Amino acid sequence: MSARISLQLENLQLRAGGLPEGRMLIESLNVSIQSGERWVLLGPNGAGKSTLLMVLAGLVQPNAGEARLNGHRLADWAPADLARQRAWCPQFWFDPFPVSAWETVASAQLALSPQADAAQVETTARRWLSEFGVGHLADNDVRLLSGGERQRVALATACAQDAPLLLLDEPSAHLDWSHQALLQARLKRWSSSGGTVLAAVHDLNLAWTLASHALLLDGRGGALAGTREEVLGAGTLSHAYGVPVSQREEDGRRWFRIDLEHSA
């Protein structure tokens, strides 16, 4: 990963649906995200995680404030240039046509470089599928894959775009434990080479092991950003989710548990 990024959010405000009368999701967010960092985005359902990722992908506009990528407002980037800086992996995928897994991954490369060598594009696509443990499904129709298999094809597609910033909406969805571990390993390797990751997740323990930094939304306009040690604590998580969260420390690792018996 040769390119590096700097993402600045300045007084960013988000409302539900992007409407002035929409429920306040984020009142005012100021945060700086740099190359090599792994940010997890957490919060209850409807807190604005997916909306924020779409704003950072340049797909929707905030209600107030702005986001700057490498010093330039996201709104000022040409779509093709922005696509070379960030890859967005949404929460849901729709596959209306029969297409193979490797062709799906290749589409990310060809969208940016239509004249790229076809053989090299296919080789790269198959390599990324292998990185996520679905290389043996490269020639399969994506419509026939399981949820977890399709998710890994989506992750391979995002990485094949070779953008320094990965925006991932629930990347661990449908993944079993072994493939969650594989995902973490790949994302940590991505950041170790200078790439930046911002991923929305629901599993608190997965968030701790993946993150270097965290952004916690409470769904009531509040947002807390910082290192994982600063943000991911029993008190802050209990406040954001509205349920009692406990934590314990073991071998330098922090574990979280929700007290379901007392959460009603």
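Colleague: At roughly what angle do the axes of helix α3 and helix α4 cross, and within what distance do they come?

Modeller: Helix α3 (residues 101-112) and helix α4 (residues 118-131) cross at roughly 120°, with their axes coming within 8 Å. Bear in mind that this is a predicted model: local features need pLDDT of at least 70 and side-chain atom pairs pLDDT 80 or more, while totals for chains, interfaces and linings use all residues. Numbering starts from 1 along each chain as its sequence is written, and side-chain values use heavy atoms, leaving out hydrogens and water. Helices (H or I, at least four residues) and strands (E, at least two) are DSSP runs, numbered from the N terminus. Axes are lines fitted to C-alpha atoms, for helices over the stretch in contact, and angles between N-to-C directions run from 0 to 180 degrees.

The crossing of α3 and α4 is right-handed (the near helix is turned clockwise from the far one by less than a right angle). On the α3 side, A101, W102, V105, A106, Q109 and L110 make the contact (heavy atoms within 4.5 Å). From α4 come V121, E122, T124, A125, R126 and L129. Sorted by class, that gives 8 nonpolar, 2 polar and 2 charged residues (Ala, Val, Leu, Ile, Met, Phe, Trp, Tyr, Cys and Pro count as nonpolar, Asp, Glu, Lys and Arg as charged, and the others, Gly among them, as polar).

Now for two loop residues. N70, in the loop between β4 and β5, has a phi near 55°, a positive value in a residue other than glycine. E170 sits in the loop between β7 (165-169) and α6 (177-192), and E170 also has a positive phi, about 50°. Most residues other than glycine have a negative phi. N70 is partly exposed, with a relative accessible area of 30%, whereas E170 counts as buried at 18% (buried means under 20%, exposed over 50%, partly exposed in between, with a 1.4 Å probe and protein chains only).
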